[in-house]
Amino acid sequence: MKLDRILPFARILLEKAVRPGDITIDGTMGNGFDTVFLAGLTGADGHVYSFDIQKEAIEATAAKLNAENLQKRCTLIHAGHEHLSKYIRKEHSGKVTGAIFNLGYLPGGDKSIITQAETTISAIEQLFELLAPEGIIILVIYHGHPGGSAERDALMDYVENFPQQKAHILRYGFINQANNPPFIVAIEKR
Ligand code: SAM
C-alpha cells in the first residue's frame with residue numbers, strides 16, 4: 001500500500017515540525033513508543049516532556065528510554081496532561097514544536113482507564129499557548145472502545161470550531177475500513 005498508515009503519517013508530520021534542540025510533548029506516554037520517537041527528533045540538545053496517569057506507563061517508558069540511553073532527553077511526569085502548564089516551564093512558552101496525544105487506553109493495561117474529552121481539551125488549550133508558530137499537535141483518535149465515541153465527538157466539535165486564523169487543522173484516516181479505525185487530527189499553529 002502506498003498510502004501512509006495512521007501512525008507513520010503522524011510521525012511524518014512531527015518530523016516536519018521538530019528540529020534537533022526543540023522541546024516536544026508526549027501527552028499520553030503509555031508504553032513509551034512515541035516518547036522514544038520524539039527523543040530521537042529532539043536530539044541530545046532538546047527535551048521531551050511526557051505525561052501519564054498510570055505508574056505502569058512511567059515504568060514501561062523509563063525502561064525503553066534506558067535501553068536506548070535516551071533517559072537524559074526526557075522528563076517523565078506521573079500526572080494528567082490537564083496539568084501540563086504546571087509542569088512545563090514558562091521559558092518554554094512559544095518554543096514547543098511538536099506534541100502527540102495517542103488517545104484511548106494503555107495497550108496491555110486496564111482498558112477502563114481511558115483519556116477523556118474534557119481533560120484532553122484542557123491539555124490542548126494549555127499546550128497551544130506553549131506552541132511555536134508552525135508547531136504541530138497530533139491527536140490519534142481511537143473510538144472503538146467504550147467511551148471512545150464520546151471523546152471523539154467532543155474533540156471533533158472542539159477542533160471543527162477552532163478559529164481558522166489561529167491554526168490549520170486537518171483530519172487523516174481511512175474511511176472504508178471495518179471496526180472503527182483510528183484517525184488523526186493535526187493542529188498546526190499559524
Ligand atoms: N503513546 C503511547 C505509546 O507510545 O505507547 C500510547 C498511549 S495509550 C493509547 C493512552 C495512555 O493515555 C494510557 O497509558 C493512559 O494511562 C493515558 N492517559 C489517560 N488519561 C490521561 C491523562 N489525563 N493524562 C495523561 N495520560 C492519560
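Modeller: Two strands count as paired when DSSP finds at least two bridges between them. The model discussed here is predicted.

Biologist: How many bridges join β6 to β7?
Modeller: Strand β6 covers residues 167-172 and runs antiparallel to β7. Pairing needs at least two bridges. The number joining β6 to β7 is six.

Biologist: Which residue of β7 stands opposite V140?
Modeller: β5 and β7 also pair, in the antiparallel sense, over six bridges. In β7, the residue opposite V140 is I184.

Biologist: How many residues of β7 are buried?
Modeller: Strand β7 spans residues 183-189 and is mostly covered. A buried residue has 20 or more other C-beta atoms within 10 Å of its own. Of the seven residues in β7, the number buried is five.

Biologist: Which residues does L139 touch, beyond four places away in sequence?
Modeller: Sequence neighbours up to four places away are left out of the list. What remains is F101, L103, L155, I184 and V185.

Biologist: A132 is in strand β5. Is A132 buried, exposed or partly exposed?
Modeller: A132 contacts G94, K95, V96, T97 and K189, leaving aside neighbours within four places in sequence. A132 has 18 C-beta neighbours inside 10 Å. Burial takes 20 or more, and exposure 12 or fewer. A132 therefore counts as partly exposed.

Biologist: Is A44 buried or exposed?
Modeller: A44 sits in the loop between α2 and β2. Its C-alpha is 7.1 Å from that of G21, 23 residues away in sequence. Within 10 Å, A44 has 11 other C-beta atoms. The limit for this class is 12 or fewer, so A44 is exposed.

Biologist: How many residues of α2 are buried?
Modeller: α2 is mostly covered. The cover over its buried residues includes α1, β1, β2, α3, β3 and β4. Among those buried are D34, F37 and L41. Of the ten residues in α2, the number buried is eight.

Biologist: Which residue follows α2, with a positive phi?
Modeller: α2 covers residues 33-42. The phi of the residue that follows is near 70°. That residue is G43.

Biologist: Which elements each supply at least two residues of the shell around the ligand?
Modeller: The ligand is surrounded by 22 residues. The closest are T28, G30, F33, G80 and L106. The shell divides into eight nonpolar, eleven polar and three charged residues. The elements asked for are α2 and β2.

Biologist: What is the radius of gyration of the protein chain?
Modeller: The chain has six helices and seven strands. For 190 residues, the globule rule gives 16 Å. The chain's value is close to that, so it is as compact as a globular protein of that length. Its radius of gyration is 15 Å.

Notes
Residues numbered from 1 in each chain as written. Predicted model: local features only at pLDDT ≥ 70, side-chain atom pairs only at ≥ 80, totals over all residues. Near = placed C-beta within 6 Å. Helix = DSSP H or I, 4+ residues; strand = E, 2+ residues; numbered from the N terminus. Nonpolar A, V, L, I, M, F, W, Y, C, P; charged D, E, K, R; others polar. Contact = placed C-beta atoms within 7 Å. Rg over C-alpha atoms; globule rule 2.2 N^0.38 Å.
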